Amino acid sequence: MKKALLGLLLFTSFATFAQEDVQEEKVKHSEIKINAFNLILFKSIDVSYEYLIDSESSIGASVLINLRDTDSGEDIYYNEKLAITPYYRRYFSSKYAWGFFLEAFGMYNVQDDVYEEYNYNMISDQYEYTTSDETSNNLAFGMAVGGKFVSKKGFLFEVFGGVGRNIIQSNEKIGSEFVPRLGATFGWRF
């Protein structure tokens, strides 16, 4: 009787561990997302990939390409022509990589600016209009906060906002000191 009870106990414990392994395998660890906020408001394509390390943390990278013409005269725009942003997130929820999160990020960004100048030419006795297009390669570090919500089938929505500071700038004349990190993204966990 003791051997049968011991055998049943061992079988139950193995079955429990096997079920936990099967449940772990069902967890999806990859996400692909597009930032609809940047596309609509700033005319920028911002695509991200995120890998879920465990239930509380993840790493990812985002690539932003600004579609705005530099001399379009629009009021709302990013100075960044290109931004590559690796990040680390820490989640604070009982669900798997879901809910409120804190994010630390680094960002390589290329900013451009068009300078318009009016100069007086004494020889021709006229004002001359000149433009120059300059760029600055920058490296920024920053923090963001946000929330992520995932359906049972894997559809996800997240909102986040934060700011970073350009630590290294190749052209301080046009490089901004701060860079934004904003988004309302839609995506898929697979």
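**Entry 1: a loop residue.** I started at Asn171, which sits in the loop between β7 (155-169) and β8 (178-189). The model I am reading is a predicted one. Is Asn171 buried or exposed? I looked up its relative accessibility, found 15%, and noted Asn171 as buried, because buried means under 20%. Then I asked what Asn171 touches beyond its neighbours within four places in sequence, and the list reads Glu134, Thr135 and Ser136.

**Entry 2: the whole chain.** I stepped back for an overview. I counted two helices and eight strands in the protein. Along the sequence they run α-β-α-β-β-β-β-β-β-β. Of the 190 residues, 33% count as buried. The accessible surface is about 11,900 Å², and carbon and sulfur atoms own 64% of that. I also checked contacts between residues at least 6 apart in sequence: 60% of them join residues at least 24 apart.

**Entry 3: salt bridges.** Next I searched the whole structure for salt bridges and got 14. Side chains of opposite charge can pair when their charged atoms come close. I opened Glu50 with Lys33, where N to O is 2.3 Å.

I moved on to Glu158, whose side chain meets that of Arg89 in a salt bridge of 2.8 Å, N to O. This pair links distant parts of the chain, with Glu158 in strand β7 and Arg89 in strand β4, 69 residues apart. Both ends are under cover: Glu158 is buried at 2% relative accessibility, and Arg89 is buried at 0%.

Glu158 has another partner, Lys148, with the closest N and O atoms 3.9 Å apart. Because Glu158 lies in strand β7 and Lys148 in strand β6, this pair ties together parts that are ten residues apart in sequence. Lys148 is buried too, with a relative accessible area of 0%.

Which residues are linked in a network of salt bridges? I wrote down Glu31, Lys33, Glu50, Arg89, Glu103, Lys148, Glu158, Arg181 and Arg189.

**Entry 4: charges over rings.** Arg89 lies over the face of Phe160, 5.4 Å from the ring centre. Arg181 lies over the face of Phe105, 5.8 Å from the ring centre.

**Entry 5: aromatic pairs.** My search of the whole structure for aromatic pairs returned seven. One of them is Phe92 with Phe100, a tilted pair at 5.9 Å centre to centre and 40° between the planes. Phe92 is partly exposed at a relative accessible area of 47%, and Phe100 is partly exposed at 44%.

Trp98 and Phe149 make an edge-to-face pair, 5.3 Å centre to centre with 85° between the planes. I traced where they sit: Trp98 is in the loop between β4 (80-91) and β5 (99-121), and Phe149 is in strand β6 (residues 126-150), 51 residues apart. Trp98 counts as partly exposed at 22% relative accessibility, and so does Phe149 at 41%.

I also noted one aromatic cluster, formed by Phe37, Phe42 and Tyr78.

**Entry 6: the nonpolar cores.** Which residues make up the largest nonpolar core? It has ten: Phe42, Leu64, Tyr78, Ala83, Tyr87, Phe105, Met107, Ala140, Ala144 and Val179. Strands β4, β5 and β6 each supply at least two residues of this core. Another core of five residues lies apart from it, with Leu52, Tyr91, Ala97 and Phe101 among them.

Beyond its neighbours within four places in sequence, I found Tyr78 in contact with Asn38, Phe42, Ser44, Leu64, Asn66, Arg68, Pro180 and Leu182.

**Entry 7: one valine to finish.** I ended at Val47 in strand β2 (residues 44-52). It is partly exposed, with a relative accessible area of 35%. Leaving aside its neighbours within four places in sequence, Val47 is in contact with Lys33, Ala61, Ser62 and Val63. How many residues apart in sequence are Val47 and Thr185? I got 138, with their C-alpha atoms 8.9 Å apart in space.

Conventions
Residues are numbered from 1 along each chain as its sequence is written. This is a predicted model: local features need pLDDT of at least 70, side-chain atom pairs count only at pLDDT 80 or more; totals for chains, interfaces and linings use all residues. Side-chain values use heavy atoms; hydrogens and water are left out. Rings of Phe, Tyr and Trp (its six-membered ring) pair if their centres lie within 6.5 Å; planes under 30 degrees apart count as stacked, over 60 as edge-to-face and the rest as tilted. Buried means under 20% relative accessible area, exposed over 50%, partly exposed in between (1.4 Å probe, protein chains only). Helices (H or I, at least four residues) and strands (E, at least two) are DSSP runs, numbered from the N terminus. A charge sits over a ring if NZ of Lys or CZ of Arg is within 6 Å of the ring centre and within 35 degrees of the ring normal. Contact means heavy atoms within 4.5 Å. Accessible areas come from the Shrake-Rupley method with a 1.4 Å probe; for residues, only the protein chains shown count as cover. A nonpolar core is a set of buried Ala, Val, Leu, Ile, Met, Phe, Trp, Tyr and Cys residues joined through side-chain atoms within 4.5 Å. A salt bridge is a side-chain nitrogen of Lys or Arg within 4 Å of a carboxyl oxygen of Asp or Glu.
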